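Have the sequence and the 3D view ready as you read.

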Amino acid sequence: MQWWCAAQGIPWSWSWRPYPGVWLFIALLLLAYRRFTRGSRPSRAELTRFGVGALALWVALDWPVGALGSGYLASVHMVQFLLIALLAPPLLIAGLPRRALQRAAGSRLAGVAGALSRPLIALLLFQTVVIATHWPGVVDGLMGSQAGSLVLDMVWLGGGLVFWWPVVSPVPHRPRFPFGVRICYLIASTVLMTLPYIFLTFAELPFYATYELAPPVGILSAGEDQRMAGLIMRIGGGAILWTAAGVLFWLWYRSENETAR
């Protein structure tokens, strides 16, 4: 029995398979949230946001998305990246109550997290994660084992949390990072993500041996599957980042109106 989704090299079957490592991870995440927010009384909206973020992680890591993305289809692997690195992190952060964040602000871990989440550092670190984790040698080297697949998923999640922290979290307060600069930050990220999109979409040959040699699923060839992965990165990633930029613009507009009144 596999405890985490990884490439297996066996024909794909739609028969359900258990991945207890994924269930344990989600359970620990929820328990950590309960302990972190103890005494802070998170609102219903905060509970909903964190719950939806945890659900996005569960969908990305568990069967069938996790199994398909780990060893069969590069396009599903890209869906995993969007869910783990771009969709779940802002929801998880937005679900943390301000009081709990302020209470933890003086810890050593908070100091390290604050240094990593400075906007320029966070942007460069996240883009490094995006490029490194889509490099053929890295993907093929990690996806063949459960431990390697786990490492890749956690690097995506950690990079996403660092990237989104200065945009979403109210703590620490960043007076030099107002709404307009945050919007530019997100737009800059869409531009920087163009590089892996170009390589995936316009390459003549498949990059990843893991997906090129995988048992076929559906009618897509390995090259078509890779091009689909590039388009999913471009369209899906752009949709998430531009939607977030639109939400920030609306909050900025509302804030300016309230100030004017």
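The protein exposes about 13,700 Å², and carbon and sulfur atoms supply 69% of that area (Shrake-Rupley method, 1.4 Å probe). This is a predicted model, in which local features need pLDDT of at least 70 and side-chain atom pairs count only at pLDDT 80 or more, while totals for chains, interfaces and linings use all residues. Residues are numbered from 1 along each chain as its sequence is written, and side-chain values use heavy atoms, with hydrogens and water left out.

Now for the fold. The protein has 13 helices and zero strands, where helices are DSSP runs (H or I) of at least four residues and strands are runs (E) of at least two, numbered from the N terminus.

What about the overall dimensions? The C-alpha trace spans about 60 × 40 × 30 Å along its principal axes.

Let us step inside. Buried residues, 45% of the 261, have under 20% relative accessible area (1.4 Å probe, protein chains only). The largest nonpolar core has 67 residues; such a core is a set of buried Ala, Val, Leu, Ile, Met, Phe, Trp, Tyr and Cys residues joined through side-chain atoms within 4.5 Å. Helix 4 (residues 74-94) gives this core its largest share, twelve residues. Phe 163 is among the residues with the most contacts inside the core. Beyond its neighbours within four places in sequence, Phe 163 is in contact (heavy atoms within 4.5 Å) with residues including Phe 126, Tyr 185 and Leu 241.

Terms used. Buried < 20%, exposed > 50% of the residue type's maximum accessible area, 1.4 Å probe, protein only.
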